[in-house]
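Thanks, everyone; I would like to take a few minutes to walk through one model. Please have the sequence and the coordinates open while I talk.

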There are 2 protein chains.
Amino acid sequence: MNSASIRRLDSTAAGFGRELDALLAWEASQDEAIERAVAGILADVRRRGDEAILEYTRRFDRLDAASMAELEIGQGELQAALDGLEPGIRAALEAAAARVRAYHEHQRAASWSFTEDDGTRLGQAVLPLDRAGLYVPGGKAAYPSSVLMNAIPAKVAGVGELIMVVPTPDGARNPLVLAAARIAGVDRVFAIGGAQAVGALAYGTATIPQVDKIVGPGNAYVAEAKRRVFGTVGIDMIAGPSEILIICDGRTDPDWIAMDLFSQAEHDEMAQAILLTPDAGFIERVAQSIERLLPAMPRAAVIEKSLADRGALVKVRDLEEACEIANRIAPEHLEISTDDPQRWADRIRHAGAIFMGRYASESLGDYCAGPNHVLPTMRTARFSSPLGVYDFQKRTSLIEVSAAGAQTLGRIASALAHGEGLQAHARSAEFRLESGG
Amino acid sequence: MNSASIRRLDSTAAGFGRELDALLAWEASQDEAIERAVAGILADVRRRGDEAILEYTRRFDRLDAASMAELEIGQGELQAALDGLEPGIRAALEAAAARVRAYHEHQRAASWSFTEDDGTRLGQAVLPLDRAGLYVPGGKAAYPSSVLMNAIPAKVAGVGELIMVVPTPDGARNPLVLAAARIAGVDRVFAIGGAQAVGALAYGTATIPQVDKIVGPGNAYVAEAKRRVFGTVGIDMIAGPSEILIICDGRTDPDWIAMDLFSQAEHDEMAQAILLTPDAGFIERVAQSIERLLPAMPRAAVIEKSLADRGALVKVRDLEEACEIANRIAPEHLEISTDDPQRWADRIRHAGAIFMGRYASESLGDYCAGPNHVLPTMRTARFSSPLGVYDFQKRTSLIEVSAAGAQTLGRIASALAHGEGLQAHARSAEFRLESGG
């Protein structure tokens, strides 16, 4: 790679703001052909259920099942996949799962209530979803870590039943994914995918139970299907390309920083990797590391294109300005590779996850530190959060009104209801007044 | 009203399940003309900013402003609206706001972290949104209570700036709404509405700041605009018609129950009001109350159509079965009008809010009990929650890894990354190993 092909920017240059905006710009293409295809598949699954599922699985996955029973992957097969793993991998998966579980236990919210002097009691009940669906992509993007990260928060929340769908093109089942499902405690697994699997989970079929929420990544068809069933079921965010932003004081090994940029860029060509540093010399050292390390990377072609198209090494005035730029970018992953990283983290208002200190590479968080690797992309960290236990819990308000409480509240409600022209609201409150209203 | 025109159902009758499903069925109509119109308006606002806003406001609200400054409603005017209120109404609004604020204080989540033995520290920072937008409908559905319910959780969360938009057709400004905005602490108010106001908040214009999330109810154009800008900004749920389900043991004054059904039905003709009771005689008594009370209601025509089209008085086997049916319906509002209501509330898994005891009419919660009146409709209580402080807070994961921690985590991450074919992830972890990886 010619290292000149990753752009260098300077925050003091005229037009820097515009250049940065152009670099960040990314819009999911709305493809009408995909929209139409997905609408058709969903309507068909809703109408014909299992029969449609079998047909689409035959067509898209070249998997000719005579019945839905053949498409269910039982706990026995999940356990066999786990038992068949190379011991080092199995230990790593189990260690990662244990850490992810321990971290997410901290996120479980509890019901609460309080009682007022007149006996009126108010609060909120926090309950798990009855049933959740987990979409796992097939083929090359079938990541066992993604199974752990999506399934474990649901189980920690106490979701009653967790149904996983994973396409198995030509019948090829990925043992790592099945083993991860077993470790995470997934309840049922079906070898189906695409928009048809999303439809099955959203509407239910004779075989596949209807779920309350669908999470997990997928291709453009899956994303469009999730968008369409939203409202019938809950969904997680629709993710954009993955992003890393690194703030470095210039005193971390440049090879480490180069490899951290690679680890984002290797995901796909649209992934984004940006370095912010006040040290111009460090930018050159990182560029040299990039040049030296890239040829040995198995995914060098993807990394090179991602860095050339969407990457940048940015010289900033100081670390204060780096934090301001980070807030503008609102990155999915933010590494703060400095001494006393908390000092800079305190200035960050928008990021999916902050990796603090020179030793906290993003990859540690991707797999096993404990926090979730499903994070808000494309500046949505301004208003959304990492996937968590809270995505599998929901709240019900509790309002118990005493006879005495109804006297106070009824007068207020009556006045406001009349003000809004809603007389039945007013009368309903007035009926509870001791004067008879 | 002929009371026969509210349907009676019996849970023991053949076909009850099907009848109930038919009664609950409601789908938001997707209107292509609205979709196209909204897409055009949003694109125009994005391109032309304030100029487009002025033009649409002229066209749709018949309000001819020469500049955006004329469309901003300043704090002085909000205060004047508050000062001009009839004292009883003002006291009621202020009392309601104080109660809503006190309740929502309980919902504020705090940042947390923990440190492991090897010095690795994990946690989550919980932060407010920088800026939120609140849509308030104009005309007859301009409810001051809705301003309080949407604005107060944002302010309790600590949102930096809260921007309200409210259309003022023909220039008519609603003093109750403006007074409520003042009480709730809304920062800026613009007299604009429709899809163009949603676009202004989502993209920002020279005058109107871009927000991070838009909440609040609106007509079909507003709902479609919110759907379209989702991703650029966060949005709250798209609400369906309002619903009440009442479970009663038959020992509450039937007039109270009839009026509670009316209070839902008066919202609009699509609103849904259903009673479940094991007492067949009580059904007749409620029907008689409906017949007797309806003619005096100012909104009798709306109530009558709502009850006829979407209402029901349902005889159930017992209160246990009533709770099962309630879970299937997952109502927005659930009244449990019995002795020991907690006993039955413990069986409810899905409801937006539960009103417990004979004195807890829904209208008390709508205005002033304290919990939010923005609640999940159309069975979405299976997976979503009342509007709350948590809708205006978001989380950032924190991952600080010590040199020692990187040794443990790095080995796990390396094994899993190689398993997934992501070698840069593996190398990035291995670089932090003391052996040099």
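Let me begin with a definition: a nonpolar core is here a set of buried Ala, Val, Leu, Ile, Met, Phe, Trp, Tyr and Cys residues joined through side-chain atoms within 4.5 Å, where buried means under 20% relative accessible area, exposed over 50% and partly exposed in between, with a 1.4 Å probe and protein chains only. This is a predicted model, in which local features need pLDDT of at least 70 and side-chain atom pairs count only at pLDDT 80 or more, while totals for chains, interfaces and linings use all residues. Side-chain values use heavy atoms, with hydrogens and water left out, residues are numbered from 1 along each chain as its sequence is written, and chains are lettered from A and ligands numbered from 1 in the order in which they are written.

The largest nonpolar core has 68 residues, and the members that touch the most others are L93(B), L148(B), M164(B), V189(B) and F392(B). If we set aside neighbours within four places in sequence, the contacts of L93(B), meaning heavy atoms within 4.5 Å, include L416(A), L148(B) and I183(B). Another core, apart from that one, holds 67 residues, among them V147(A), I152(A), A179(A) and L422(B).

Six strands form an open sheet with mixed pairing, in the order 2-7-6-5-8-9 of chain A, and its edges are strand 2 (72–73) and strand 9 (234–235) of chain A. Strand 5 (residues 131–135) and strand 6 (residues 161–165) of chain A run parallel and are joined by five bridges, with Y135(A) partnered by V165(A). Helix 8 (residues 194–203) of chain A packs on the sheet, and its direction makes about 175 degrees with that of strand 5 of chain A, given that axes are lines fitted to C-alpha atoms, for helices over the stretch in contact, and angles run from 0 to 180 degrees between N-to-C directions.

Definitions and conventions:
Two strands pair if DSSP finds at least two bridges between them. Helices (H or I, at least four residues) and strands (E, at least two) are DSSP runs, numbered from the N terminus.
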